Amino acid sequence: MSLLAMTKTAPLVASHLGLGVSPVAKAVVARHLSSSGSAALEKLRRVFEDYRKENYTQEVPSRFKKELVKAADKNKNGQIPVDGIECLLRNIGASDRITRKEIEILLSEAGDLERKTIPADQMIKLI
């Protein structure tokens, strides 16, 4: 198996095995984002990580991420819209830490450009 193939499949395998996704794997995913998309992603990660450390210290990080994505999936169709992330941020008291524009940039680059949504499984990998 080539290094490129292993780089692409490692996060998927780790995710399915319940292992955390390594910083290197996250960097590979984020590499496909613009600088503003990467900055928005990093900001969103920090918001969620700060909330997890403050309120879910006993929770496994991967379980916490799945619960976040589940809460953001407003229509329960496996697609996370901008409104779903905004609602989640409001509910955790972090709506002032990231703007709608930053969320839109992130979702348009990492998800569906037209609908500004992102598949739930891809959102879990990103955060």
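Helices here are DSSP runs of H or I with at least four residues, numbered from the N terminus. By that count, H4 gives the largest share of the lining of the largest cavity, three residues. This is a predicted model, where local features need pLDDT of at least 70, side-chain atom pairs count only at pLDDT 80 or more, and totals for chains, interfaces and linings use all residues. Residues are numbered from 1 along each chain as its sequence is written, and side-chain values use heavy atoms, with hydrogens and water left out.

**The cavity**
- There is one cavity of 30 Å³ or more (a set of points on a 1 Å grid over the protein atoms alone where a 1.4 Å probe fits but cannot get out).
- The largest cavity holds about 30 Å³ of space, a volume being the space filled by probe spheres set on the points, which are joined across faces, edges and corners.
- Its lining residues (an atom within 4 Å of a point) are Phe48, Leu68, Val69, Ala72, Ile85, Leu88, Met123 and Ile127.
- Helix H4 (61–72) and helix H5 (82–91) each supply at least two residues of that lining.
- Sorted by class, the lining has eight nonpolar residues (Ala, Val, Leu, Ile, Met, Phe, Trp, Tyr, Cys and Pro count as such), with no polar and no charged ones.

**The rings**
- You'll find three aromatic pairs in the structure (rings of Phe, Tyr and Trp, the last by its six-membered ring, with centres within 6.5 Å).
- Ring pairs join Tyr51, Tyr56 and Phe64 into a cluster.

Technical notes. Phe/Tyr/Trp six-rings, centres within 6.5 Å; stacked < 30°, edge-to-face > 60°. 1 Å grid on protein atoms, 1.4 Å probe; cavity = no way out; pocket = protein on both sides within 12 Å on 5 of 7 lines; lining within 4 Å.
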